[in-house]
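Reader: I'd like to go through the labels on this model and see what backs each one. Can we take them one by one?

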Amino acid sequence: MERELGIYVHIPFCIKKCAYCDFISYPNKLEMQKMYVDKLLEEMDNSKKIIGKCNITSIYIGGGTPSAIDSELIKKIVFKIKELERNSFVQEVTIEVNPGTVTQQKLNDYIEAGINRLSIGLQSTNDNLLRLIGRIHTYQEFLKTYEMAVNTGFKNINVDLMIGLPNQTIGDIKENIDKITSLNPMPQHISVYSLIVEPNTLMEKWVNEEKFDLPLDEEERNQYAYVKNILEQKGYKHYEISNFSLPGKQAIHNTNCWEQKEYLGFGAAAHSYFDMKRFSNTDSLHKYLSESFEKIRIIDEVQNIEEQEKEFMMLGLRKIDGVGIDAFKNKFGKNPIFLFRKEIQKLVEQGLLEVDLNQIRLTRKGLDLANIVWEEFV
């Protein structure tokens, strides 16, 4: 069986840092974009032996805001990967874009490069909420971006939404879902993320200063339940805790990660999983650009079999279908029901897990308390 591999590319540039963002991104440094991409291409060449021996199944270009940089540079990145990989096996090429940074020329260039999936960072249809969380666009700019993307030929578009935002009500959530699912065509994929107040962000500062109220836990659970129920009624499959898709449009790259498949990451702060090792690049833009490849890479974890088995469970339980018992047996030669009998029994008794003939999955209660489940497999 041919070895499969995903490719992740991190573009750390953005126009403005959002209030909630703790990703590695650098606003107001776009003058460094060409130098950065040149180093990216060198890093890929440095891994050409690995890339050339694998079937590349997916490419994901994330950030930051990849659409903030020159689209000719994006073309160079995708063409470089396709030059190095051997079998033209790539099924999905995704790029994250933000309204306000997308032009018709950029969309044309993405299509020319072979990008076949867009992930648009909307977050809310409410302009007041967008301003509050530091987004640079309006809902009307999103609509323009979406219409341009559809007219350019993109047939696989994800839209990101957020719940649990400051002052956000169930009415706001209803308006979000109504507007997004009224688009023609409906987005093929919708991701719905809860706000997490991360350390050292503007959002944390504002929360500590009590500038506004965040929804209570019960209210946020109600928002999540509403989103789940309505999207399922409209034909979306809830296939991972935060992700919904029309039939056949599940995100390949992310699904492969949840199934513990291998991927290589390129760029500052990019993470990789290969040969039972998790490693990452320095998050310092200066070091990434100036140091040798040996010095920019950090080994985060070298797994043994037991750690790999636990991680397989934890990642798999993000999926609504859960962990396939046969899939676990095929990979590790063991029955997870026996191997993790204490953890599974405890979680079943708590009403957080359910087990049938071939699946171990979260219950409805488990979806709300998933962190408690995952902690059993850390």
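Author: What follows goes through salt bridges, helix packing and some backbone angles.

Author: This is a predicted model, where local features need pLDDT of at least 70, side-chain atom pairs count only at pLDDT 80 or more, and totals for chains, interfaces and linings use all residues. Residues are numbered from 1 along each chain as its sequence is written, and side-chain values use heavy atoms, with hydrogens and water left out.

Reader: Why is the pair Asp 38 and Lys 34 called a salt bridge?

Author: The label needs a side-chain nitrogen of Lys or Arg within 4 Å of a carboxyl oxygen of Asp or Glu. For Asp 38 and Lys 34 the closest N and O atoms are 3.1 Å apart, so the pair qualifies. Across the whole structure, the search turns up 25 salt bridges.

Reader: How far apart are Asp 38 and Lys 34 in helix α1?

Author: Four residues, which puts about one helical turn between them in α1, residues 33–46. Helices here are DSSP runs of H or I with at least four residues, strands are runs of E with at least two, and both are numbered from the N terminus.

Reader: What makes Asp 38 count as buried, exposed or partly exposed?

Author: Its relative accessibility is 30%. Buried means under 20% relative accessible area, exposed over 50%, and partly exposed in between (1.4 Å probe, protein chains only). So Asp 38 is partly exposed, and Lys 34, at 48%, gets that label too.

Reader: What does the salt bridge between Glu 311 and Arg 278 tie together?

Author: The closest N and O atoms of Glu 311 and Arg 278 are 2.7 Å apart. Glu 311 sits in helix α13 (residues 305–316) and Arg 278 in strand β13 (residues 277–281), so the bridge joins parts 33 residues apart in sequence. Both Glu 311 and Arg 278 are buried.

Reader: How do you know that Glu 309 and Lys 334 meet in a salt bridge?

Author: Their N to O distance is 2.6 Å, so it passes the distance test. Glu 309 is in helix α13 and Lys 334 in the loop between α14 (325–332) and α15 (336–339), so this pair ties together parts 25 residues apart in sequence. Glu 309 is buried at 4% relative accessible area, while Lys 334 is partly exposed at 34%.

Reader: Which residues are linked in a network of salt bridges?

Author: Glu 72, Lys 75, Asp 109 and Glu 112 are linked that way.

Reader: On to packing. What makes α7 roughly parallel to α9?

Author: Helix α7 (residues 170–181) and helix α9 (residues 217–233) pack at about 25 degrees, with their axes 10 Å apart. Axes are lines fitted to C-alpha atoms, for helices over the stretch in contact, and angles run from 0 to 180 degrees between N-to-C directions. Under 35 degrees counts as roughly parallel, over 145 as roughly antiparallel, 65 to 115 as roughly perpendicular and the rest as oblique. That makes α7 roughly parallel to α9.

Reader: Which residues of α7 and α9 meet?

Author: With contact meaning heavy atoms within 4.5 Å, Ile 170, Ile 173, Lys 174, Ile 177 and Thr 181 in α7 meet Asn 222, Gln 223, Tyr 226, Val 227, Ile 230 and Leu 231 in α9. By class, the α7 and α9 contact has seven nonpolar, three polar and one charged residues. Ala, Val, Leu, Ile, Met, Phe, Trp, Tyr, Cys and Pro count as nonpolar, Asp, Glu, Lys and Arg as charged, and the others, Gly among them, as polar.

Reader: Which omega goes with the cis bond from Asn 184 to Pro 185?

Author: Omega is near 0 degrees there, and Pro 185 is in the loop between α7 and β8 (189–194). The bond from Gly 63 to Gly 64 is cis too, with omega near 20 degrees.
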